Amino acid sequence: MLRALATLIGCAAILLVRADAQVRPIYDTGAAGLVQLLQRLQTTASVLHTGAHPDDEDSAFLARAARGDHARVAYLSLNRGEGGQNIIGTELFDALGVIRTEELLQARRLDGGEQFFTRTFDFGFSKHRDEAAARWNGREVLGDMVGVIRMFRPLVMHSRWGGTSADGHGHHQLAGYLTPLAFKAAADANEFPEQLKEGLRPWQTKKLYSRPLDEAPVTIQVQTGVLDPALGRTYAEIAYEGRSQHKSQNQGTIETIGPLASDLRALQASVRVSTPEQSIFDGIDISVPGLATLAGLPEGSLHAELSAIDVAARKALQEYRPLEPAQIVPSLIDGIRTVRAARQALTSMSASANARADAEFLLAIKERDFTEAVIRAAGITVDPLADHETVTPGDSVDVTVRVFLAQPSLASVTSVSVKPPSSWSVTEIPDRERKNGGRDRPEKPDTSARFQVGAPATATITQPYFLEQPRRADSYQ
């Protein structure tokens, strides 16, 4: 076990060192965070939610799906809200879009979702869907949505808007109109074939929901006012906290408790669903043993491997003790081994290329989650710290990387390194050059390393990726 765990340390920097938003991901840390991760190991559920602007999303639905159903969850916003007002500063238009992008990312850190956008620029209020489609090129926007679906590969989609005049804003209407089209087009290899040349593959989402209409009432209620015993809050409370991050829009509100639900209506499904539905995942086998069938592999494929993965995941959760998390490391290591065995078995399996690719996609996610669970259970933290916040072209910055092991008997640090952008340089600073007032700094070589990271004179100035090229009318390039 020790040897196996040591090989994981190289992954720690990738998994735990991230460009965090200002809000700390408090619901992903500590005992509660590890419990959620262990629960996520036992499902393949995934949801994509669509809307037009920052603040359109049903945050309580996102929090319930991510933290209650333990699904992979994402929100796709057509734009970044550049055409709105700003109550916290003077920034407007593109600059306001940067602010609201960060606000969305901070909200997702709390409700547990990921965040996607299309290329559209919020040009301001629009009364009609046709105006928005004309100014944005509706076909291009549809392609962006299809690309996100093919990349994220959700089992369920939920459109915040219905695509009718009842949505009010023309942007809302277009988002609601395009979502069912994207649901269908993403599965059609003849639609946006250029994406397939870039490495994406068609994807058939299993179910599509939308907001209820007067003429199309609610078919299922997703309960969001439920108290999560591990988190100590309801999913709606977490959602309210996330919406308070939309500071430029004054979205803060009282975090009320009590019964609450998100109303959905079923639009389309590629699986057989009985009515009334009890869950948005009804009719879909989201269990780990059901992964092979979900991916379209031949019946009985990977039966032994998937059963072993499921057993390891369940055993880890059953044996988890918040004050002794390291006790479940062996079960989690077993889970990693069995996932890798399943991935290896896929390479020689007689099945369609798409089925093997879909199985590989899901298994890779499982291996990533098992690995992160091991790192958390073993108490491993990778902490990089730069001497300066910024570096200019042609200059350098010193970076210290420290690896903290809460249980040194469980793991060893085999190496510490920094992976820079291409064309940048990295030079490790020898121990003897690390001085502090003439004395060697009390850092152990096996837990700390210091590097000089140099930016070439030709290095480009850092900026949001969507601003790297000039806008083309009301669309980013």
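1. Let's start with one residue in this predicted model. Ala-326 touches Ala-377, Gln-407 and Leu-410, leaving aside residues up to four places away in sequence. To find Ala-326 yourself, look in the loop between helix H12 (303–319) and H13.

2. Is Ala-326 buried or exposed? Its relative accessible area is 13%, and buried means under 20%, so Ala-326 counts as buried. Here is a distance you can check on screen: Ala-326 and Arg-314 are 12 residues apart in sequence, and their C-alpha atoms are 16 Å apart in space.

3. Next, please follow the chain into a helix pair. Helix H13 (residues 329–346) and helix H14 (residues 353–377) have axes that come within 9 Å and cross at roughly 160°. Angles over 145 degrees count as roughly antiparallel, which is why H13 is described as roughly antiparallel to H14. The crossing of these two helices, H13 and H14, is left-handed.

4. What makes the contact between H13 and H14? On the H13 side, the residues include Val-329, Leu-332, Ile-336 and Arg-340. On the H14 side, they include Arg-356, Leu-363, Phe-370 and Ala-377. Sorted by class, the contact of H13 with H14 has 14 nonpolar, 2 polar and 6 charged residues.

5. Now for another helix pair. Helix H4 (residues 59–68) packs against helix H10 (residues 235–243) at an angle of about 125°, and their axes are 8 Å apart. That angle makes H4 oblique to H10. The handedness of the crossing of H4 and H10 is right-handed.

6. Which residues form the contact of H4 with H10? H4 supplies Ser-59, Ala-60, Ala-63, Arg-64, Arg-67 and Gly-68, while H10 supplies Tyr-235, Ala-236, Ile-238, Ala-239 and Arg-243. By class, the contact of H4 with H10 divides into 6 nonpolar, 2 polar and 3 charged residues.

7. Finally, take a look at a sheet. Four strands make an open sheet in the order S10-S11-S15-S12, with antiparallel pairing. Strand S10 (380–386) and strand S12 (425–428) stand at the edges; each has a single partner strand, so one side of each has no neighbour in the sheet. From one strand to the next, the twist averages 25°.

8. Within that sheet, how many bridges join strand S11 (residues 396–405) to strand S15 (residues 448–454)? There are 7 bridges, and the two strands run antiparallel. For one example to look up, Asp-398 has Gln-452 in S15 as its bridge partner.

How values were computed:
Residues numbered from 1 in each chain as written. Predicted model: local features only at pLDDT ≥ 70, side-chain atom pairs only at ≥ 80, totals over all residues. Heavy atoms only, no water. Axes fitted to C-alpha atoms, helices over the stretch in contact; angles between N-to-C directions. Parallel < 35°, antiparallel > 145°, perpendicular 65-115°, else oblique. Left-handed = near helix turned anticlockwise from the far one by under 90°. Contact = heavy atoms within 4.5 Å. Nonpolar A, V, L, I, M, F, W, Y, C, P; charged D, E, K, R; others polar. Pairing = 2+ DSSP bridges. Buried < 20%, exposed > 50% of the residue type's maximum accessible area, 1.4 Å probe, protein only.
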